[in-house]
Amino acid sequence: MNSNLNLLIGLAMGLNLLALGSSRLPIVIRSMSAQGVILGAMPVLMEHKLDWRVLLIALATITGKGLVIPWLLRRAMRTAQIDRELEPLIGFIPSLMLGAGGAIAALALAHLLPLLPEHADTLLVPGSLATVLTGFILLIGRTKAISQVCGYLILENGIYLFGLLLIKAMPLLVEAGVLLDLTVGVFIIGIIVDRIQRAFDSLDTRKLTALRE
Amino acid sequence: MISILDILLRLAFWLLLAPLLPGIINKVKAWVACRRGPPVLQLYYDLARLWQKSVVISNLASPAFIILPAMSWVALFGAAMLMPLGPAGAAFSFHGDMLLVIYLLALSRFCTAWAAMETGSAFEGMGAAREVSYAVLAEAAMVAAILSLSMQTGSVSLVTMLTPAAGAGGVLLAAGLFIVLLAENCRVPFDDPNTHLELTMIHEVMVLDHSGPPLAAILHGASIKLLLFSMLLAQAVLPLQGLSTQAAIGLIGGGVLAVTIGVGIVESLLARLAFKRVPLLLTVAFLLCLFALLVAWKGGVS
């Protein structure tokens with residue numbers, strides 16, 4: 001069972017690199033949502049006995065991250081009429097290298113953390129560290145608001161992955177609340193993206209730093 | 001006596017079989033495009049024709065213009081002698097022969113690049129610059145792939161390194177090595193072997209001013225390199241341990257054929273990449289091989 005889990009986490013780490021290396025926003029959105037779906041299915045794999053609440057949360061995560069959020073983002077992308085990140089602050093090759101370096105460092109250093117023995121041979125911790133790092137790189141290095149949102153969502157995926165370590169201790173209500181917040185957040189960001197586009201004629205967030213009366 | 005016969009047989013194998021692969025690729029491309037296409041043996045006819053032609057030499061060129069293509073050809077043959085042929089093993093095998101293969105490939109590239117610059121043409125200098133700058137990135141991926149194989153098997157000799165399957169990282173390694181194969185042999189997403197637009201060529205632009213037997217040596221060398229890389233890919237990924245001789249030969253032959261058809265299909269379905277996107281794809285190949293190395297390392301520990 002652990003090897004299945006590790007395979008899924010490895011796939012999620014691969015999707016991190018896809019999101020970092022691609023200049024097309026639909027691909028970034030798709031890899032983010034695919035990662036969300038993979039992570040959403042994970043609690044079902046980890047629990048030995050199937051609880052209906054776990055199943056419900058998994059289902060909600062998969063529909064939320066796999067369908068609703070990408071749909072909102074794609075709609076925002078269509079109204080803003082962009083589909084490419086043209087001039088990132090950190091180029092695609094350097095961000096790929098940073099992401100890969102982060103993943104390798106996470107894999108190499110994760111065993112230094114004081115983990116429970118049952119978590120020691122899974123990729124949960126390195127996978128979540130690498131995913132969080134990918135989210136940070138996207139947030140820092142990209143200039144279009146939609147890629148930054150994707151970075152934020154990938155960051156959240158990483159935190160969710162870390163939360164899976166505590167799946168026995170954390171109430172499922174917390175997870176459900178986070179998911180709800182996330183969906184509403186993306187919904188609002190979709191509206192804001194539209195506003196930015198109308199006010200500035202571009203989604204370049206660098207233009208938002210200049211204050212004017 | 002046996003060993004001399006063995007080496008002669010191997011030389012004949014590489015000499016005679018290598019020009020078949022470009023023919024198969026062209027046939028696959030023609031088949032995808034619903035054309036009849038050139039015959040599979042076209043490269044043999046081309047080589048025979050070029051061999052009979054005389055050589056045109058620029059006034060600027062030194063004798064190196066003739067010698068270097070031959071050197072490049074010999075270097076590729078040397079690399080081919082070190083590459084194991086499944087159950088038959090390699091003609092020469094020693095500790096760390098993999099490094100020699102990589103250096104021989106680099107030497108052959110150095111020779112063609114130098115020969116290209118001998119003519120004093122600006123275009124060929126440009127092609128040589130492109131070829132060597134992509135080679136730097138492709139070589140990084142290649143070295144990572146070799147490291148992962150050697151980590152997997154705990155050996156630095158090609159014969160023992162290539163026998164077992166590549167294990168859990170096999171898919172990553174296969175994808176990475178396939179991209180390296182496409183880059184090293186100047187196939188489609190990196191270079192289009194059919195275009196003669198000087199702005200887009202890499203390999204073709206280097207051989208524009210070559211003619212006659214030196215051109216034949218370069219073309220034949222390119223086909224040997226293609227066979228070499230497909231052999232490496234097939235043997236690195238496929239499990240050959242404990243198979244009977246016929247089964248192993250069949251498996252390798254099937255693998256090489258699959259790689260060749262794959263190249264043809266990629267070539268029919270993809271367009272050339274823009275130049276500035278090529279380093280990105282080669283970085284991806286490097287990362288794929290690096291992660292295969294990581295899987296081999298982690299898999300060995302736990």
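These questions and answers go through a predicted model with chains A and B.

Colleague: What radius of gyration does chain A have, against the globule rule?
Modeller: Chain A follows the pattern α-α-α-α-α-α-α-α. For 213 residues the globule rule gives 17 Å, and chain A comes close to that, so it is as compact as a globular protein of that length. Its C-alpha trace spans about 55 × 35 × 30 Å along the principal axes. The radius of gyration of chain A is 18 Å.

Colleague: Where in chain A is confidence lowest?
Modeller: Chain A averages a pLDDT of 83, and 97% of its residues score at least 70. Confidence is highest in helix H6 (residues 124–141) of chain A, at a mean of 91. At the other end, with a mean of 74, is helix H5 (residues 117–120) of chain A.

Colleague: How many helices does chain B have?
Modeller: From the N terminus on, the elements of chain B run α-α-α-α-α-α-α-α-α-α-α-α. The radius of gyration is 19 Å, close to the 19 Å of the globule rule for 302 residues, so chain B is as compact as a globular protein of that length. Chain B has zero strands. Its helices number 12.

Colleague: Is B:Cys34 buried or exposed?
Modeller: B:Cys34 sits in the loop between helix H2 (20–32) and helix H3 (42–52) of chain B. Its phi is near 60°, a positive value in a residue other than glycine. Most residues other than glycine have a negative phi. B:Cys34 has 7 other C-beta atoms within 10 Å, and the cut-off is 12 or fewer, so B:Cys34 is exposed.

Colleague: And B:Cys186, buried or exposed?
Modeller: Phi of B:Cys186 is near 55°, again a positive value in a residue other than glycine. B:Cys186 lies in the loop between helix H8 (170–184) and helix H9 (203–206) of chain B. With 21 other C-beta atoms within 10 Å against a cut-off of 20 or more, B:Cys186 is buried.

Key. Residues are numbered from 1 along each chain as its sequence is written. Chains are lettered from A and ligands numbered from 1 in the order in which they are written. This is a predicted model: local features need pLDDT of at least 70, side-chain atom pairs count only at pLDDT 80 or more; totals for chains, interfaces and linings use all residues. Helices (H or I, at least four residues) and strands (E, at least two) are DSSP runs, numbered from the N terminus. The radius of gyration is taken over C-alpha atoms; the globule rule is 2.2 Å times the number of residues to the power 0.38. pLDDT is the predictor's confidence in each residue, from 0 to 100.
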